[in-house]
Amino acid sequence: MSKKNHWRFFILRWHKRIGVFLAIFAIWIAASGFFLNHTEDFDFLDHSVKNTSIRNWYGLTQYTEHLPLQNSSGYWQAGALNFSEKASIPCTQLLHFYSASVGNVAICSSDIYLLSTEGDIIDKIHHEKPFTAYTEISGNMHLKQGNSTFLLDINNWFLSSVDNLTSNSAWSAPLSDHYTELKLSRVLQDLHSGRFFGKAGVYFVDGLAFLLIILALSGLVSFLKKKK
Amino acid sequence: MCIFLRLMFISLVAISSQVSKADASADFLQSAFNTTPSSKFLWFTPALKAQSKTILGHEYPALRVKYWAEGKRRVWILEEIGKEQPITVGIVINSGEVEQVQVLAYRESRGGEVQEDFFTRQFKKIRLLDNYKLSKKIDGITGATLSVRALQNVTRLALLLDTSLNT
């Protein structure tokens, strides 16, 4: 076998191997890409994923239509607090909801609402930067925003900055995080990009893309060599 | 260039005022009183609710408002939507007459001129008439019509609430 043919067969051999390996993934990526390109045309992609295993994989609790609010007839759903026959109260993310002597307190990312049991807004505190976590220390509600901590004074309905928080209390993540809707299109997108399997999945898809380039080049090289 | 720098300045003022709304309220109270008194709440009665609806064109989005008082001098911090975003306004009222109006947080992208002293000082010594109108005409600002209206309405509301405490 001439040296020229040796290289040609070497390239062809690896071209075949890479092609066989890529086949199954290429079909999957092409098919998922096709559906992602037409998310508006396929209604089923807008549906919520109710499968417990998939939701758990995303760190979400079991699927519920809405998050019920304790000691009240209301519920949180899709970025709003809802009470029967009342206009929805905007609440992109619900950190915490609890009953106090003065009323029910709903801590949303940018607003803190004092609500009656029927869902009327008694008072509201707006905060420009969103809160990300909360913790209760000796009956006092503390809220976290970046590196800053705030103390919520329920009786005077006042939010004050706390400089040194001595307690090592664990911060709780927003309540609504566990109940966030997970759409099928999101799962499909994560599978398409490899993000579904975390960082490793992303690198794996990067590898597939690299192999696809190799496949194209090896195909081109072997075609040109055969022509000569 | 000058216009550009002015716009940059107004934008920066708007951004910094957003960040420090809580501080602005505390500073406003500090400037109004030597020692800030503890806050009190005024609950909207059905009559007060109806009157405030006449003034604002909609119900005030809360069942109560907070105020600070020292004798007949009271401070109200209220919010009203300009075009899309709420404007937080601090109003000092002494014996039914406006002493000071100050914008504590302005979140709209346009119309920030209402924060300037040349505009807010027009409210000094203004009273509320029986037909819920202000006793003096407030000159508007071109391009800030909705913000001007919001400030006028919120001042009328503060005067109404203040009057309700006197009756």
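Are A:Asp123 and B:Arg64 buried or exposed? Both residues are buried, and the legends below, which describe a predicted model, begin with the two chains and then turn to the contact where this pair is found.

**Figure 1. Chain A, with four helices and twelve strands.**
Chain A has 228 residues, and buried residues make up 35% of them. Its accessible surface comes to about 13800 Å², and carbon and sulfur atoms account for 58% of that area.

**Figure 2. Chain B, with five helices and five strands.**
Followed along the sequence, the elements of chain B come in the pattern α-α-β-α-β-β-β-β-α-α. Of the 167 residues in chain B, 47% are buried, and the chain exposes about 9000 Å², with 54% of this area supplied by carbon and sulfur atoms. Among contacts in chain B between residues at least 6 apart in sequence, 55% join residues at least 24 apart.

**Figure 3. The contact between chain B and chain A, to which chain B gives 13 residues and chain A gives twelve.**
The size of an interface is often given as the accessible area lost when the parts come together. Here the two chains bury about 1100 Å² between them, and 50% of this area lies on carbon and sulfur atoms. On the side of chain B, the three residues B:Leu63, B:Arg64 and B:Lys66 supply 38% of the area that the chain buries against chain A, more than any other three residues.

**Figure 4. Polar contacts between the chains, and the makeup of the side that chain B contributes.**
Seven residue pairs are in polar contact between chain B and chain A, counting pairs in which both residues have pLDDT 80 or more. On the side of chain B that touches chain A, the elements that give two or more residues are strand S1 (39-43) and strand S2 (64-70) of chain B. The largest share of that side, three residues, comes from S1(B). Sorted by kind, the residues of chain B on this side divide into six nonpolar, two polar and five charged.

**Figure 5. The salt bridge between A:Asp123 and B:Arg64, with a distance of 2.9 Å from N to O.**
The pair crosses between chains, running from A:Asp123 in strand S8 (residues 121-126) of chain A to B:Arg64 in strand S2 of chain B. Both partners are buried, and B:Arg64 is also one of the three residues that together supply 38% of the area chain B buries against chain A.

**Figure 6. The salt bridge between B:Arg107 and A:Glu128, with a distance of 2.7 Å from N to O.**
Across the interface of chain B and chain A there are two salt bridges. Salt bridges that share partners join A:Glu128, B:Glu79 and B:Arg107 into one network.

**Figure 7. The salt bridge between A:Lys183 and A:Asp46, with a distance of 3.2 Å from N to O.**
A:Lys183 lies in the loop between strand S12 (158-162) and H3 of chain A, while A:Asp46 lies in the loop between helix H1 (3-37) and helix H2 (52-57) of chain A, so the pair ties together parts that are 137 residues apart in sequence. A:Lys183 is partly exposed, with a relative accessible area of 29%, and A:Asp46 is likewise partly exposed, with a relative accessible area of 47%. A search of the whole structure finds twelve salt bridges over all chains.

**Figure 8. Helix H3 (residues 184-193) of chain A and its buried residues.**
The buried residues of this helix are A:Ser185, A:Val187, A:Leu188, A:Asp190 and A:Ser193. A:Asp190 forms a salt bridge with A:Arg186, in which the closest N and O atoms are 3.0 Å apart. The two residues both lie in helix H3 of chain A and are four residues apart, about one turn of the helix. A:Asp190 has a relative accessibility of 4% and therefore counts as buried, whereas A:Arg186, at 43% relative accessibility, counts as partly exposed. Just after H3(A), A:Gly194 takes a positive phi of about 90 degrees.

Key
Residues are numbered from 1 along each chain as its sequence is written. Chains are lettered from A and ligands numbered from 1 in the order in which they are written. This is a predicted model: local features need pLDDT of at least 70, side-chain atom pairs count only at pLDDT 80 or more; totals for chains, interfaces and linings use all residues. Side-chain values use heavy atoms; hydrogens and water are left out. Buried means under 20% relative accessible area, exposed over 50%, partly exposed in between (1.4 Å probe, protein chains only). Contact means heavy atoms within 4.5 Å. Accessible areas come from the Shrake-Rupley method with a 1.4 Å probe; for residues, only the protein chains shown count as cover. Buried area is the accessible area (1.4 Å probe) that two parts lose on being put together, summed over both. A salt bridge is a side-chain nitrogen of Lys or Arg within 4 Å of a carboxyl oxygen of Asp or Glu. A polar contact is a pair of N or O atoms within 3.5 Å; within protein, one must be able to donate a hydrogen and the other to accept it, and residues adjacent in sequence count only if both atoms are side-chain atoms. Ala, Val, Leu, Ile, Met, Phe, Trp, Tyr, Cys and Pro count as nonpolar, Asp, Glu, Lys and Arg as charged, and the others, Gly among them, as polar.
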